[in-house]
Amino acid sequence: MNIQENHDLKSLNSFGLPARARYFCTLDDLGHTVRLRDWQAQHPELPLLFLGGGSNLLFVGDFPGLVVQVRLESLEILEGDSNYNYIRAGAGNNWHRFVRWTIDQGFAGLENLSLIPGTVGAAPMQNIGAYGVELKDCLQSVRAVDWRNGEVRDFSREDCRFGYRDSSFKSVEPDRWLILSVTFALPREPRWKTDYADLRELLEGKALNARVISEAVIALRRSKLPDPAQIGNAGSFFKNPMVSAEQWQTLKAANPAMPGWPQPDGGVKTSAGWLIDQCGWKGRREGDAGTYSKHALVLVNHGNATGAEVWRFAQGIIASVQERFGIRLEPEPRVIGG
Ligand SMILES: Cc1cc2nc3c(=O)[nH]c(=O)nc-3n(C[C@H](O)[C@H](O)[C@H](O)COP(=O)(O)OP(=O)(O)OC[C@H]3O[C@@H](n4cnc5c(N)ncnc54)[C@H](O)[C@@H]3O)c2cc1C
């Protein structure tokens, strides 16, 4: 275990923002968690950040503590039952490569989540979702170490308290748990989710299987989202906001084209991208910070933006949407140092 000082994080965050970690190490051996906790106990003043692929982070400045990049890459097919195949994947596995590996094994369930950047261990943090499927739909349990006392615990799906882009790891006890692995329950008789209009259209006339759906999802994502290798970004920068049924009626009367999806709790989810577009931010640019030309919800770094510039740009969007619609947008990525 090699702890480095003043480590460059620019290539470790998908926004490509300049930032340095005061201390940095990679964790590729489970046994090293004990030594790492000992090291941290000797430096209690230093904050800690677990890092996966850095695709859901905005570094507004340098990180003044220890960044631990999780690279635990085990993969195990566990004993199945009549309904499910079970797979346990180490937290450091690349998410998309893992999804494709499950498909190569003949398993289904994760195909709609193809091409989401990042790692398996970060996926439960915000209950990643795309094209009508969320991680929680296929998750059996999460194994994590309590950083306070070193105890390992298995969390059931209910324990994780998943919500829309949320979990207890993200919002109830941030930075307490180091996720070591995730166990997936993949159904032996999959029910394909192809309700999204774009996906349905692309799949029309095709015999459905996990690989065909995965390919369609990949094609759609490539046509809509910027590749972080070409242009820095963290995917959708804002969550789709929820409004109460009353607020929705008022908003809809004033803005008949506003999209909305009724929720089980009676509220309505609306589109952050639409709200931002209406406020004239699509494709806008201030210095090297901007929104993507094809998708107002995606903030981008055109090359040399700093995290502070991207964050200031985001604040401008939040203020515009608040002023025009009375809705406060919430960032989806974790803002470090903002
Ligand atoms: C182009 C693009 C498209 C995207 N599309 C989607 C999408 O469709 N749906 C979606 O939900 N998200 C999407 N995202 C966001 C992102 O890919 C996911 O949130 C992903 O799960 C983040 O993984 P990561 O490994 O990069 O996490 P990081 O950015 O490294 O970390 C995110 C959070 O997880 C914590 N964390 C990471 N690993 C661990 C661990 N092992 N234990 C404890 N905490 C940990 C970090 O401390 C941080 O709080 C997109 C991002 C990009 C760039």
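**Pocket lining and aromatic contacts**

By class, the second largest pocket is lined by seven nonpolar, five polar and seven charged residues (Ala, Val, Leu, Ile, Met, Phe, Trp, Tyr, Cys and Pro count as nonpolar, Asp, Glu, Lys and Arg as charged, the others, Gly among them, as polar). The model is predicted, with pLDDT of at least 70 needed for local features and 80 or more for side-chain atom pairs, while totals for chains, interfaces and linings use all residues. Numbering runs from 1 along each chain as its sequence is written, and side-chain values use heavy atoms, with hydrogens and water left out.

Of the 19 lining residues, D137, C138, P187, P190 and R191 lie nearest the centre of this pocket. A lining residue has an atom within 4 Å of a pocket point; a pocket is an open set of points on a 1 Å grid over the protein atoms alone, where a 1.4 Å probe fits, with protein on both sides within 12 Å along at least five of seven lines.

On to the rings. The whole structure holds 14 aromatic pairs (Phe, Tyr or Trp rings, the six-membered one for Trp, with centres within 6.5 Å; planes under 30 degrees apart are stacked, over 60 edge-to-face, the rest tilted). Y23 and W39 make an edge-to-face pair, at 5.1 Å centre to centre and 70° between the planes. Ring pairs also join W95, F98, W101 and F184 into a cluster.

Charges turn up over rings too (NZ of Lys or CZ of Arg within 6 Å of the ring centre and within 35 degrees of the ring normal). K269 has its charged end over the ring of Y164, 3.9 Å from the centre, and R284 has its own over the ring of W281, 3.9 Å from the centre.
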